[in-house]
4 protein chains.
Amino acid sequence: MFRSVTARAARRVAQPPSVAARRHLHAPLAFDWKDPLGASNLYTEEELAIAETAEDYCQERMLPRVLEAYRNENYDQKILEEMGELGFLGATIKGYGCAGVSSVASGLITRAVERVDSGYRSGMSVQSSLAMGGIEEFGTEEQKEKFLPGMAKGKIVGCFGLTEPNHGSDPGSMESVAKPHPTKKGYYSLSGSKTWITNSPIAEVLLVWAKLQETGKIRGFLVERSKCPPGTLETPKLDNKNGLRASITGMIQMDEVPVAHEMMFPHVEGLRGPFSCLNSARYGIAWGTIGALEDCVARAREYALERKQFKGNPIAKYQLVQKKLADATTDAAYGILAAHQVGRLKDEGKAAPEMISMIKRQNCDRALVNARILQEIFGGNAVSDEYHIGRHVANLFVTQTYEGQSDIHSLILGRAITGVQAFV
Amino acid sequence: MFRSVTARAARRVAQPPSVAARRHLHAPLAFDWKDPLGASNLYTEEELAIAETAEDYCQERMLPRVLEAYRNENYDQKILEEMGELGFLGATIKGYGCAGVSSVASGLITRAVERVDSGYRSGMSVQSSLAMGGIEEFGTEEQKEKFLPGMAKGKIVGCFGLTEPNHGSDPGSMESVAKPHPTKKGYYSLSGSKTWITNSPIAEVLLVWAKLQETGKIRGFLVERSKCPPGTLETPKLDNKNGLRASITGMIQMDEVPVAHEMMFPHVEGLRGPFSCLNSARYGIAWGTIGALEDCVARAREYALERKQFKGNPIAKYQLVQKKLADATTDAAYGILAAHQVGRLKDEGKAAPEMISMIKRQNCDRALVNARILQEIFGGNAVSDEYHIGRHVANLFVTQTYEGQSDIHSLILGRAITGVQAFV
Amino acid sequence: MFRSVTARAARRVAQPPSVAARRHLHAPLAFDWKDPLGASNLYTEEELAIAETAEDYCQERMLPRVLEAYRNENYDQKILEEMGELGFLGATIKGYGCAGVSSVASGLITRAVERVDSGYRSGMSVQSSLAMGGIEEFGTEEQKEKFLPGMAKGKIVGCFGLTEPNHGSDPGSMESVAKPHPTKKGYYSLSGSKTWITNSPIAEVLLVWAKLQETGKIRGFLVERSKCPPGTLETPKLDNKNGLRASITGMIQMDEVPVAHEMMFPHVEGLRGPFSCLNSARYGIAWGTIGALEDCVARAREYALERKQFKGNPIAKYQLVQKKLADATTDAAYGILAAHQVGRLKDEGKAAPEMISMIKRQNCDRALVNARILQEIFGGNAVSDEYHIGRHVANLFVTQTYEGQSDIHSLILGRAITGVQAFV
Amino acid sequence: MFRSVTARAARRVAQPPSVAARRHLHAPLAFDWKDPLGASNLYTEEELAIAETAEDYCQERMLPRVLEAYRNENYDQKILEEMGELGFLGATIKGYGCAGVSSVASGLITRAVERVDSGYRSGMSVQSSLAMGGIEEFGTEEQKEKFLPGMAKGKIVGCFGLTEPNHGSDPGSMESVAKPHPTKKGYYSLSGSKTWITNSPIAEVLLVWAKLQETGKIRGFLVERSKCPPGTLETPKLDNKNGLRASITGMIQMDEVPVAHEMMFPHVEGLRGPFSCLNSARYGIAWGTIGALEDCVARAREYALERKQFKGNPIAKYQLVQKKLADATTDAAYGILAAHQVGRLKDEGKAAPEMISMIKRQNCDRALVNARILQEIFGGNAVSDEYHIGRHVANLFVTQTYEGQSDIHSLILGRAITGVQAFV
């Protein structure tokens, strides 16, 4: 049975106020290194309850699985079902079995998941923002009803095929193509190749972007694996990654895949479609990467307090260590405020895409930079994966390069600031 | 006649909504490089109106004076009176002829002033946050009534004497002392020396912190220049500064200055008094330095669009230039959100001092770093003071070192995060 | 049969000058991105020949093995024998079957090895600088004759046990102890635990530092695995490292290991012994990490020239990419000059330990920083281990933390500069 | 009478070896923070003696004048004559009254001068490298004999006119033009405008680059101020600079200046001429800026040892302070080795222009970055010009922007590394 986050949240709110809920009624706030600028004051009671649910699940259920998953590049697909049960998937969508929460609540869920692992967050983002979000925004009513409820439960896995082997930062040059099917009437024939596609090896519904031959315009197609004739669709897993090893990544190789006309998104042409989906995913990354950074802060702080050197002082007493902690904590606090602000504007329909470029870029960059610096606190011990921080560092590098590499977002911002484009 | 900001703001609000006022009623926001994350959505109508008033005054009246002032280290004292007329001085104070606006409104004023020059902002901060703020928080009713109305008008200039030549980051070791006056009954005798005191050469009322001999505890004294016997008080101007040259800075040299008992703050002892004043000033610096950075962005952007090199392309088309603009714009946008957040918490009584350390440190640091990088866009032309950016760079370095040098705030934060102090 | 590097080099020199040998006879040098500041002009003919031999071996024989080794944390012990055959091991030692080359030649070998992988270099450094170097500097003639020839051939593997689980940056607090053996006369009994010991699981001779109970002073002991009674010595392998996975790392657990008196170093007490060995290893790291960085430059450059985006331009045409390449190339060129300088001073007996701290710290730091930035050039593709750069990044982080974490070297330098220690 | 550096150096060498001269005969070097990597081992006895002469003059004669000069933008022209007396001007030129020393010796002189002030070094560089160097390399024998001896004495001041108001990084687009003179036979008529020309207001001989109308090619012209008819040549001084205030800077405004045909350089066309001169000047900047940085290190170290805070500890005991000193010292040491290496290659005819781009860029950048960080050590006191470091910081920013702004050199290097140009 579906037990949505909001349902659980409602229950919580009905109870006498918990410690967490009461906290922000009383002044003055003591400084809390876990929330240095008092962002919790900005969330509704419901959002706070959702965040707590998500944190509990992630710390209690996901964290114990992550080391093994990461070591062996072994994604546990059941996680999507568990998330589905809690209402995490497509959480901002209204109806279709989705929780219909605010963008800030959705951000808080994302933060909780990425606090454990960016790979787990990637798997969720693809399902929620890219696949479900795309269907919700651009799909027909039939498409929505067919796919969204199962996807919300995590029973149907989705993926998002945009990037091609030769076209990363420049999807407009894609080579995948949809032609009229030579033999099946009412069908297109899709051919082409996509790479670095999270979830592709396990996806049942693949949202694939390809150029419609007759117009040369990019269109979105919902490819159902179970309907593909043998030999037309392959989704080989990509192994030996040096980050995001707890997520599953693959290619999509299409050789005349037949797709029924009604499985094309009807009203969206060009890059507007995929970019809109990406915007939504990027918004989530801005929250998530701060979650990962916060976990690095917490682990580095704990290590610094426990590790003694030179006359038995905890290394937390070193100025050079304190500066690293202060810097990281500050960037995390600033990053959350920015993500929150864009979330609120998003729900009011006021979030410009460049705002999302800004917070995606900055939060990824600062999370990565600070995680690397915090890693230094562990000295030689950092090499052991049991301290977790090396995993965050490796993951965060990948988040910086995908869904718009950092430099590409610099140029998107540069263009918005100057009115001049510099992509050459 | 006193014409407060709020009065003017009230008039504006009564009028049919201006373009600025209407802007945020309509979705979606186009990206605005001057307000990249839509912070203007967070301000009240009154705050927006106050900001506009402040910007108008600063750009129209202050900006034309700044080059000459900076070149010659020549502070125009009339500026304080003009600010007083507009209600900028002690703006958050209720009563005593002060405007009584929100902390956010006060931050917006500060930002507008520092957009022109950090030195002008320093002069205002000292008057408002340090001198008036100190009197308002710790003074007796008589002290308030005596000084605040004239200070709010800018007719009585105040200053704040804490730092001593040998005690910068460590004011607890101060050597200034207040003894019972040897001859005047009901008076203390103050001796000691303070340095880097903004406004001291022109101040009538000097809030001086000194150790009361009988207790060894730090206390606050209001020294009135006009009441000091000849030879007891000197406030020599410090010249040849390499930053903040548009503010006036001096020493306070006290040689048995008689101060009446009723000119001591009655209920505050130790560093709590001066630190509380400093907190308020530091909060303002967090807003102000972002104003200076925003001016650098605007000037660098304009230069980059006008300057043509290599085949007539504006240098705004260079990736290396765009990245500088994107970085600076991002840090400015993040900095404003953080300052706003702390302002709101401040008015709710929820702002921990470490929050202010965090935003003071981060906004100063990021403003400085980015201003320096933006300065590179001007190439060789940056050496001319007419591009203004060199002045901002020099000023911002000073803001990073005063009211808590950046590293000191790192250690304050480090202590709050770890519970361990590292000041050695 | 032993075929030393010098022998091969001698042959080369006898031949008519090769292109490489002639290159630096003719002016002017065209700019060579592989040797931007013409460091090759500083090497002797013999050193150039040794470097070429080493590069050939490493690229042809080691490189093809590294991916598999890294993926599976599987160190191929035969590599030490191959290195032995070429004269790489203990290369600066005179006699005992060692090549007796200059410190610069030894640095060039190290650079060639680490150009492939820092883990392979670690395995070699431990054998050469730490184990053989220690025996050569502090051992008795009998110890030298017993171990060095076999170690030079790579037939006897050595390791170096200094770091303990609770004492990383602060080895003076070690807990390992050597007491008179309770039952075996003429023997000490060693107990204690060492961690993060490269080569320990495969080492036959373990140079272990422990406190002699009777004096409380640190002494060096040569523990032969084959002579240890069962249950006294364990060297469990440490798995799941997130860097240096192509080297083998383990613990040394000693429970009353009997060590004959003549297996103790006779004349060295305290930290002078291990620090002298570490100095030698650190000197090598300064060369090696630049080799790794140079490989990153070469790979990033090649990728940037081959990868096309936006209208078919190679991404090498992007300013943001060129800056990354220029920065990294510069730091590599500077790093080599500094390592060379210290090498020459070392052979003249003029290298102060702080010089080695300086080049170890700086070259590790700059190699790491630049490798990370170059990794960005690969965008999403960086996540695949087949581009090698992710491996270098992960390795270089570890090199920054071992044999003196970067911050510790900062404080060593700070102490040398100021005369004041700040280790707390 | 002319007393060349070499003469004085020769005398020194004849004397029994001084302490300085003997220093590097004895092993082992103790670590010397003023020469951390033992670069003094690389200099000849003559070079060491020259360096000592230069340091003595600069510290004893120039340093006492610099504060006043900088405050008032007042260049003391006698400094050039004093330098001339010591053989500093055009020091590498053979004959014509010049000292004929090595490029390394010349670098050491430059370092000594810029240790005092980058403006003083600029004045010298323009005279030596740009004006005299240009004449020596491209001039006719008559031109050399006419100008070089007087310039070597500092009696004739030269300047170098390349940059135009609208063409900084892109001199190939210059607008200055030389036409056949309408009335004077055998003369060209020069018109156009140059800006940011060091020494122009006091120069007698102005080396001006302009396009020859008949060919469209850039040529070099020696304009003698005393021969210009009234109204044809103006060289207004540019005031209110925010850096290099101890040098004199101006424009060159030419309105049909008549220049005799024999005052044109005969054999050099295009940008090769000015770029060759600039290379030579840039080489000097690479030495000079390290001198400025070394002065910052020395001053910051001294301040840190004298300044006490918190329980009377010198702030040199703070880890955060020590790290700043360690970083700066390292970059200075590396920078000197790189400059030395290029100097040696230069004298062997092996220095590629890109090598000079590399060391100019890197040494300017690192000197600036570190000087700024060292400035933080002075806290609020840094604002006083009497600590000198603020002046260095302001100066070093200018050196980063002139003779090739840092980013431009990045692109020069990027082009050399990739073979692809990215100037747009």
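Modeller: To start with the hairpin of S6(A) and S7(A): five residues lie between the strands, and Gly216(A) has a positive phi near 75°. Bear in mind that this is a predicted model.

Colleague: OK. How many bridges do S6(A) and S7(A) make, and in which sense do they pair?

Modeller: Seven bridges, in the antiparallel sense; S7 covers residues 218–224 of chain A.

Colleague: Is S6 of chain A mostly covered or mostly open?

Modeller: Mostly covered. S6 runs over residues 205–212 of chain A, and seven of those eight residues are buried.

Colleague: What about S3 of chain A, how does that pair with S6(A)?

Modeller: In the parallel sense, over four bridges, with S3 being residues 158–161 of chain A. Gly161(A) faces Val208(A) of S6(A) there.

Colleague: And how many bridges join S4 to S6(A)?

Modeller: Two, and the strands run parallel; S4 is residues 177–180 of chain A. Ala178(A) is opposite Leu212(A) of S6(A).

Colleague: Where do side chains point in a regular strand?

Modeller: They alternate between the two faces of the sheet.

Colleague: Switching to helix H3 of chain A. What end-to-end span should its 28 residues give?

Modeller: At 1.5 Å a residue, helix H3 (residues 45–72) of chain A should span 40 Å, and the C-alpha atoms at its ends are 39 Å apart, so the two agree.

Colleague: Where in H3(A) is the kink?

Modeller: At Met62(A), with an angle of about 45°, shortly before the proline Pro64(A).

Colleague: Which residue just after H3(A) has a positive phi?

Modeller: Glu73(A), with a phi of about 50°.

Colleague: Now the other chains. How many residues do chain B and chain D put into their contact?

Modeller: Chain B gives 43 residues and chain D gives 43 residues. About 4,000 Å² is buried between chain B and chain D, with 53% of that from carbon and sulfur atoms.

Colleague: Which residues of chain B lose the most area to chain D?

Modeller: Phe310(B), Val383(B) and Val424(B), which together account for 18% of what the chain B side buries.

Colleague: How many salt bridges across the interface of chain B and chain D?

Modeller: Two by the rule. Asp407(B) and Lys324(D) form a salt bridge through their side chains, at 2.7 Å from N to O.

Conventions:
Residues are numbered from 1 along each chain as its sequence is written. Chains are lettered from A and ligands numbered from 1 in the order in which they are written. This is a predicted model: local features need pLDDT of at least 70, side-chain atom pairs count only at pLDDT 80 or more; totals for chains, interfaces and linings use all residues. Side-chain values use heavy atoms; hydrogens and water are left out. The expected span of a helix is 1.5 Å times one less than its number of residues. The bend at a residue is the angle between axes fitted to the seven residues ending there and the seven starting there. Buried means under 20% relative accessible area, exposed over 50%, partly exposed in between (1.4 Å probe, protein chains only). Two strands pair if DSSP finds at least two bridges between them. Contact means heavy atoms within 4.5 Å. Buried area is the accessible area (1.4 Å probe) that two parts lose on being put together, summed over both. A salt bridge is a side-chain nitrogen of Lys or Arg within 4 Å of a carboxyl oxygen of Asp or Glu.
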